[in-house]
Amino acid sequence: MGFLHHTFSEVYARRNNWLTEVDVRVKLLYIVLLLAINLLTKNIFIPLFFLSVSFSLLLTVKIPFTAILRSMLLPLSFAVFILLIRGLHEGEKVWLSLSIVGYKLVLKEEGLWNGLQTCSKVLGGISLVILLSFTTTISQLCAGLKWFRVPNTIIDLLALIYRYIFLFLDEVDTMWTAQRTRLGYTSWKKTIKSFGILGGMLVIRAFARAEQTYEAMHARGYEGGGILTATLPPWRKKEYVFVIGIVFVLSFLIYTRHVRVW
Amino acid sequence: MSRAVTVFAIIFFLLFISSENAVYAMHITEGILPPKWVITWFAVAMPFVGIGIYHVKRKKRQMPVYLPLVGTLGAAVFVFSCFPIPVIALNGMATSHPCGTGMSAVLLGPFVSVLVAAIALLIQALFLAHGGLTTLGGNIFSMGILGSFSGYFAFKIAQRCRLSLFWCGFLAGMVSDLFTYLGTSIELGLLVIGKGGSFIKATAEIFGVFMMTSQGVLCIVEGIVVGFILVFVYKRKPGILLHLGLIKDDTKPVQI
């Protein structure tokens, strides 16, 4: 579970660079609109353009290439899965027919082309999401969502859940190490039983922690309203320029029929 | 085609082994769903999330500790869903991870569990690149709605049948996992409609691939782990289960 702790620790988002300094509202607006373009486009070059630009931007702020690649690996494997499913199922025209240990596989041209489009969309979309997550902290994100009128309950729970994930990851790690030193994972049967105890302890600790948290919140004046009080500053000229920029890009793409919204 | 599916299952399996030694197959990744399905799944998911918010707000008014409780239990379920469970068929060469929705549905109720799942999926999409933002609606449908409601009803039916606490937890964990994969398979199967493919055939094949790889075993393993968790909590702190409404009286012994 070590890699999870590293992923959640916001090491890259907490750095000071020009991408982390961009207003979170602008980032959210850009990502949502670019994701919509990525989804609506029939052209494989636009998603691949998003991929290359996102990669380049992340590399300019010195995010390690391996960290980006590690985040992309799973979506990529899912994309290949879809490519093969569509290649096997869709269309008539045979592109490749091969036999693997007596099993015949027939890949069709139309299916593969559709699959390729999906693959490019997966890569483009994921790269945009990674761009947001590597440059935005959870507190910035919550403040941004609050500005966009997302219900307080969602934002409060998002902040609470995210905050306690760290704590429980640490606690689980300690308990897991203790169980391992007492040979709790030597056989598959013992492993499952140890996981049961670990999960049970997690529930008990979560319950105890909820009581403590509420007492602390109450002591600091919590009366049932929103728990986040941070507000964002008013928009500056820079933010307006960014927003006008994306509106122009979107209009251009719709006008040139690269993005079809109807 | 069944032979092709077998070969395909092997390819799929190898692909996932290569990815971080972990299997995260229940999330539909960013960019997979076309716009009409993105809108449809968001439209399906949002009312459930809305009711979840309503439930939290209502209970928060009655019991102010409820909000931090949902937050900490949500985080606990999230961490539980990151447990690297070894795939027995491969002698531990690869690991998979549980869904956790069955457990959260049993502990928090189905609607609040949908809300918690939605937030967990948002965190996973943003910080782990598992799932996505445009596929959030679809993932909430499969993992949140189907997973939570199936797990909750399995638990309640098992309780009505007077099964022991372990078996109630086992059924909740297993059924919620199965329904989550079924939901994902349905969502992916729907993509072949109008493209020369059969929805039922594609859904059955995708579900078959999920079950043939590590996920079939995982459903059973998650069931056992959830069963053990409930029994452990009952033995150590029965008051928690009473507080959450899983048992009616902590002075009378419950069959475990």
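Student: Where does A:L59 lie?
Tutor: A:L59 belongs to helix α3 (residues 45-60) of chain A, helices here being DSSP runs of H or I with at least four residues, numbered from the N terminus. This is a predicted model, where local features need pLDDT of at least 70, side-chain atom pairs count only at 80 or more, and totals for chains, interfaces and linings use all residues. Residues are numbered from 1 along each chain as its sequence is written, chains are lettered from A and ligands numbered from 1 in the order in which they are written, and side-chain values use heavy atoms, leaving out hydrogens and water.

Student: Why is A:L59 called partly exposed?
Tutor: Its relative accessibility is 41%. Buried means under 20% and exposed over 50% (1.4 Å probe, protein chains only), so a value in between is partly exposed. A:L59 therefore counts as partly exposed.

Student: What makes helix α4 (residues 101-108) of chain B largely enclosed?
Tutor: Eight of its eight residues are buried, so the rest of the structure largely encloses α4(B). Among them are B:M103, B:V106 and B:L107. After α4(B) comes B:G109, with a positive phi near 95°.

Student: Which residues lie nearest the centre of the largest pocket?
Tutor: They are A:L145, B:F42, B:L122, B:L133 and B:L136, out of 28 lining residues. Lining residues have an atom within 4 Å of a pocket point (1 Å grid, 1.4 Å probe, open set with protein on both sides within 12 Å along at least five of seven lines). α2(B) contributes most to this lining, with eight residues.

Definitions and conventions. Helices (H or I, at least four residues) and strands (E, at least two) are DSSP runs, numbered from the N terminus.
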